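Me: I am new to this structure and would like to learn how to read it. Please take me through it one feature at a time.

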Amino acid sequence: SSGINAEYGRTRTEEQLNKSLSECTNLERRVAALEQDLDIEKREHNRTKGVLAGVRDKSHSEKDALRDKLRQYRDRALRSEEALEAVSAQIEAKNLKVRSLESTEDTLTKRLDSLVQDKEELSEALDTLK
């Protein structure tokens with residue numbers, strides 16, 4: 001009976017060992033599968049990081065290009081404003097000159113009228129003397 005018990009115990013131990021070995025093998029397979037999934041996730045993560053970095057770089061480049069374009073527009077607007085101010089100053093100077101010439105013309109016209117009147121008075125006085 002002790003031989004049967006020993007045989008039974010040994011068979012039972014072998015079954016438990018086989019069961020434990022099978023569980024261990026299953027766990028190793030699950031670990032290997034999880035490691036593969038992790039590798040896939042890492043590659044996908046790295047690919048996504050690369051794509052995001054590319055998008056970020058492109059976004060920065062576009063933002064820099066837009067800033068440059070805005071700076072060019074501002075510079076051009078400033079130059080246009082300065083040119084407009086210069087033209088306005090020239091127009092104002094010409095307007096002052098025109099007003100000055102008009103004033104001089106008025107003065108000369110009055111003087112001419114006065115001279116014409118003086119001539120007429122002198123002519124009448126000369127006629128009277130004759």
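Me: What percentage of the 130 residues in the protein chain do buried residues make up?

Reply: Buried means under 20% relative accessible area, exposed means over 50%, and partly exposed lies in between (1.4 Å probe, protein chains only). In this chain, buried residues make up 0% of the 130 residues. This is a predicted model, in which local features need pLDDT of at least 70 and side-chain atom pairs count only at pLDDT 80 or more, while totals for chains, interfaces and linings use all residues. Residues are numbered from 1 along each chain as its sequence is written, and side-chain values use heavy atoms, with hydrogens and water left out.

Me: How many helices and strands are there in the protein chain?

Reply: Helices (H or I, at least four residues) and strands (E, at least two) are DSSP runs, numbered from the N terminus. The protein chain has one helix and zero strands. Helix H1 covers residues 2-129, and Asp-127 lies in it.

Me: What is the radius of gyration of the protein chain, and what would a compact globule have?

Reply: The radius of gyration is taken over C-alpha atoms, and the globule rule is 2.2 Å times the number of residues to the power 0.38. For 130 residues, a compact globule would have a value near 14 Å, but this chain has 55 Å. Along the principal axes, its C-alpha atoms fill a box of roughly 185 × 15 × 10 Å. Ser-123 is placed in helix H1 and counts as partly exposed at 33% relative accessibility.

Me: What does the accessible surface of the protein chain come to?

Reply: Accessible areas come from the Shrake-Rupley method with a 1.4 Å probe; for residues, only the protein chains shown count as cover. The surface of this chain comes to about 12200 Å², and carbon and sulfur atoms account for 55% of that.

Me: How many salt bridges does the structure hold?

Reply: A salt bridge is a side-chain nitrogen of Lys or Arg within 4 Å of a carboxyl oxygen of Asp or Glu. The structure holds four. One of them joins Glu-44 to Arg-47, with the closest N and O atoms 2.9 Å apart. Both residues lie in helix H1, three residues apart, which is about one turn of the helix. Glu-44 is partly exposed at 39%, and Arg-47 is partly exposed at 48%.

Me: Which residue forms a salt bridge with Arg-71?

Reply: The partner is Asp-68, and the closest N and O atoms are 2.6 Å apart. Arg-71 and Asp-68 are separated by about one helical turn, because they are three residues apart in helix H1. Another salt bridge has the side chains of Arg-99 and Glu-92 meeting at 3.4 Å, N to O.

Me: Which residues form a negative surface patch?

Reply: Patches are made of residues with over 30% relative accessible area and no salt bridge; like charges are joined within 9 Å, and nonpolar side chains (Val, Leu, Ile, Met, Phe, Trp, Tyr) within 5 Å. Lys and Arg count as positive, Asp and Glu as negative, and His and the chain ends are not counted. Here the negative patch is formed by Asp-118, Glu-120, Glu-121, Glu-124 and Asp-127. Asp-127 is exposed, with a relative accessible area of 54%.

Definitions and conventions
Charge placed at Lys NZ, Arg CZ, Asp CG, Glu CD.
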